Structure formats: structure tokens, C-alpha cells
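Student: I have a structure to go through and some quick questions. Can we start with the charged pairs?
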Amino acid sequence: MLQETVLNLVHREMGAKMVDFGGWDMPLRYGSQVDEHNAVRDGAGMFDVSHMTIIDLRGENVRDFLKNLLANNVDKLTLKGKALYSCMLNEQGGIIDDLIVYLMGDEKYRLVVNAGTREKDLAWIERQAESYSVEVRERPELAMIAVQGPKAREVAEELLHRGLDARAKKLAPFQAAWAGDWFVARTGYTGEEGYELIMPGAEAVTFWRALAAKGVTPCGLAARDTLRLEAGMNLYGSDMDENFTPLESGLTWTVALEPSDRDFIGRAALIAQNEKGNIAKFVGLVLEDKGVLRNHQKIVVEGGGEGEISSGGFSPTMNRSIALARVPAGTGDRCEVDIRGKLKAAQVVKPSFVRNGKVLVNLD
Amino acid sequence: MNNTPADLKYAKSHEWAKLEEDGTVRVGISDHAQEALGDIVFVELPEVGAEVEAGGDCAVVESVKAASDIYSPVSGEIVAVNEALSDSPEAINEDAYANWIFIVKPSDVSELDQLLDAAGYEAIADDH
């Protein structure tokens, strides 16, 4: 039996093609996934992300707990409402999950973790929390809607109440404001401006319909995937999992090795990996020929060595195929990809293709 | 819901086949198939002159979502491919029957009898 969000019937009513996504019955697309993608790049689109797991943490020692649990350092969160992206590692440095942590008070933080990793995340967090006496409270009664695109903030603000609209307008990127159980964060997974809004489940349908009435395009998981791929944002389970560390997943920037006396879980393994060197590079690829790069295709690099595509697809914005890939440390600015037995040339680029509607890659 | 013309034959793997007056067989994918694939962004065409077998893969249609093998409904030789799809593969989404993929000169035209008619295809397509 698949789990359903409170918006399930509305998705079906809006003509969504539904799909099993990590045990959840979620919209894949309502019509053309390319139209949905373009709506987010040009205007505003909305995504039901209520399947994601919201966990509130509370307790006197909660900050010390998170400094141990996460590879990024929550000491960077000095202002209430600020958010931080981090990996949660095992002792071997493997990525258990990636998440966003929000500072909500002196002794209160909120985590948003992936849906597909919910059970192992909760088990791991609860186990680590024991010695810190931290209260771990999942919030399944809350719904979550992402509104993304150049027009997204303005439209969403018109529908906010309780003075939250004025506070939302003033938010810096990666910052949140809240009133009761309504929580507005200037975050997203598309490379565009927008909000991720958490709200009581009972109010989600009304809010979704109000957004639709204002012309916000409902978007499914298919568009969510091409948007995040263009933005160069990793997908847990494709681009990283427990077999890879952040250092070989393009996420070195999220690991806070300083201060050196912060002993987070996985730290020793990352330092050992750094000392050993020759760490695989995590790069972006742009296919020069026609065709489509797909997950798990092999990459052949000049001078020997092989890599693999972790997320491949078609970029509607660039009208080219792009991918995220793990390649040998010495890889230059060209490689070849094995597509059904034929080697096709690809350009190796920084893994960020499109931001705020603009293509960042110089296509040659 | 989908459009399934009655004058065509259909394979279970979602190709349509049309016997032309000159004895060749024109092949494309069904409206049901294009709808299931979603936005089509690339078609890898077979080579003219290639020998194909009934049920053998000979082309690939790639949508944003996935790559899908296209099987020849009949054995024979590829005598033409729809080059226009190289520049506008999305034409298949607009009209899956006007935008054929390849033409086979069949070695055994009776293989067409193994295919489904429109009613038979609709019955199996609805299950997928």
C-alpha cells in the first residue's frame, strides 16, 4: 500500500500521471514535463513535497548533538531562521542522507530529510540522540509545498497571512520565517527563486488550489528532476549514497573540517581519504552529439580510467543532454560516454548548468 | 482515450505497421506509446540497407524520461528512414501516425498477420 500526501486527490483531479516514488504515490507529470519545467524557469511552478520528512529537534544539548551528527557545522547558523545544507555521514564517511537544518531557537532546530531514507535516518538520529537527551519529533501532520520560479515569491506572498507575508519578503536566501505551524523558507531544488512552505496538512489543499488559481503551474517529479539536474543539485540515491563520501560527490563545500576540534561522525574517514588523495572528481557533462545521457553509462577518459554517470538526462533549457558524473581525478575538459556501445564526445564542465533562468555553461 | 487508427496493424511492443501499395511496410510508434514516453527529444534511426528481423530492435526513441527500443514488426531490409525526426523528434508527440520512423521492405509479408488489429492493440495497451 502506497503512502499518500494530503494532496493526492487534487493531483488526480488535475490529471496527474502518478508513480511510486520511494513508497509514496506521487505525481510524475500532469501534462508535458517540459512545459512544467519551462513554467518554473519562466514563471512559477509548484511541487507537492509533503512526502519529505520533517523532524524537529529540541533540548539543552541539541547544538552539540548536531555538531556531532552533521558534516557541516551548525555553528554557522547564528541568526534564528537561517538554514544550512549538510550531509549526515556514517563512521566510514559514507553519506546516509543530505538534508537542510534550520535554526529555530536556542534549543530548537528543524531538519528536512529525504522521503526514501526516512526510516534509516530516524533510526540513526534517534540512536545518536540518546546520549545527548535530545527530543526527536517527526512532524507527519505537516504538508510541504515548493513554489519555484522568477514569479514564485510574489505569488506565494499574496496568499500568506498572519503577517508572514511581510516577513517572507525580507528573507535572505536560505532563511526561514514562521508563524504557528506555517513555515516559509527561501530555499528550493530548482535553481530558481522561490519558497518551500510547510503548513498544517488540513490547510494544504486550499493553499494549493489558491496557487493554481493564481496561475502557478502544478509540476511533477519528472520536471523536478530535470530542474535540479540543470541546477547541478545532487539527488540522494543517484548521485550519492553510503558508498560515497561528500569529497567524491561534489559536496566538499558542505564539509566543515575547521575548527579541527569538532569531531563529527565520519570526520576521521574524510581526513584519511584526503591524505590518500587521488579522489574521484564529480563533474558536469554536456553531450556534444545528439542523444541522451542516462544514469550508469560508462565514461572513458583519455589516458585511461573510467567514470560513470550518476544522473543523466535532457536539459529542456539548453536543448542538450547533460549529466552529473564521477570521473577519475586527472580528467580534463573532454571525455567520451558509452551510449549503447557507441562512444560519444562530451564536454566536462562545472556541475552547475542553469541558474535563475540563465545557462552558465559555455557551449562550444 | 488514445487514438488507434483502424487501418494499421500493431505490435505488442507498441509499434504500428502500415502495408504500403508498393509492398513496403511503414513503421512508427503508437499514440499510446508516445503518451507513455512523454516529451520525445531524440530518435536514433536505423541505417538504410540494414537487415532487420521481426521483433528485433532497430531504433531507439528517447524521451526526457527514458530510452525505449523500437522493434521492427517484420523481417526485411530498411529502405528509408524519416530524417526529419533528427531535427524535430517531438513531431512524434504531435502526431504519432504521420511521423513514421522507418520503412522496411519485408522478406515475408505474411508476418504482418502476426500483429494485432486496432481493437486487439487497444485491449493490451490499456493494461500498460
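Tutor: First, a definition. A salt bridge here is a side-chain nitrogen of Lys or Arg within 4 Å of a carboxyl oxygen of Asp or Glu. Keep in mind that this is a predicted model.

Student: Okay. How many salt bridges are there over all chains?
Tutor: A search of the whole structure gives 27 salt bridges.

Student: And why would such side chains pair up?
Tutor: Side chains of opposite charge can pair when their charged atoms come close.

Student: Show me one inside a helix. Which residue does A:Arg153 meet in a salt bridge?
Tutor: A:Arg153 meets A:Glu157, with 3.9 Å from N to O. Both sit in helix H5 of chain A, residues 152–158. They are four residues apart, so about one helical turn separates them.

Student: Why does that spacing matter for direction?
Tutor: An α-helix has 3.6 residues a turn, so residues three or four places apart point the same way.

Student: Are A:Glu157 and A:Arg153 buried or exposed?
Tutor: A:Glu157 is buried, at 8% relative accessibility. A:Arg153 is buried too, with a relative accessible area of 15%. The cut-off for buried is under 20%.

Student: What does A:Lys169 pair with?
Tutor: A:Lys169 forms a salt bridge with A:Glu157, and the closest N and O atoms are 3.9 Å apart. This pair links distant parts of the chain. A:Lys169 is in helix H6 of chain A (residues 164–169), while A:Glu157 is in helix H5, twelve residues apart.

Student: Next pair. What about A:Glu288 and A:Arg334?
Tutor: Their side chains meet in a salt bridge, 3.4 Å from N to O. A:Glu288 is in the loop between strand S14 (281–287) and strand S15 (298–300) of chain A. A:Arg334 is in strand S18, residues 334–339 of chain A. The pair therefore ties together parts that are 46 residues apart in sequence.

Student: How accessible are A:Glu288 and A:Arg334?
Tutor: A:Glu288 is partly exposed, at 30% relative accessibility. A:Arg334 is partly exposed as well, with a relative accessible area of 37%.

Student: Which residues do salt bridges with shared partners join into one network?
Tutor: The network joins A:Asp56, A:Arg110, A:Arg137, A:Arg139, A:Glu141 and A:Asp181.

Student: Switching topic. How much area do chain A and chain B bury between them?
Tutor: About 1400 Å², with 46% of it on carbon and sulfur atoms. On the chain A side, A:Lys290, A:Arg294 and A:Arg340 lose the most area to chain B. Together they make up 40% of what that side buries.

Student: How many residues from each chain take part in the contact?
Tutor: Chain A gives 14 residues and chain B gives 17 residues.

Student: How many salt bridges are there between chain A and chain B?
Tutor: Five salt bridges. One pair is A:Lys342 with B:Glu44, where the closest N and O atoms are 3.6 Å apart.

Student: Last one. Where is A:Thr117?
Tutor: A:Thr117 is in the loop between S7 and H4 of chain A. At 7% relative accessibility, A:Thr117 is buried. A polar atom of its side chain lies 3.3 Å from the backbone oxygen of A:Asn114. Leaving aside neighbours within four places in sequence, A:Thr117 is in contact with A:Ile96, A:Asp97 and A:Tyr236.

Conventions: Residues numbered from 1 in each chain as written. Chains lettered and ligands numbered in written order. Predicted model: local features only at pLDDT ≥ 70, side-chain atom pairs only at ≥ 80, totals over all residues. Heavy atoms only, no water. Contact = heavy atoms within 4.5 Å. Buried area = accessible area lost by both parts, 1.4 Å probe. Helix = DSSP H or I, 4+ residues; strand = E, 2+ residues; numbered from the N terminus. Buried < 20%, exposed > 50% of the residue type's maximum accessible area, 1.4 Å probe, protein only. Polar contact = N/O pair within 3.5 Å; in protein donor to acceptor, adjacent residues only side chain to side chain.
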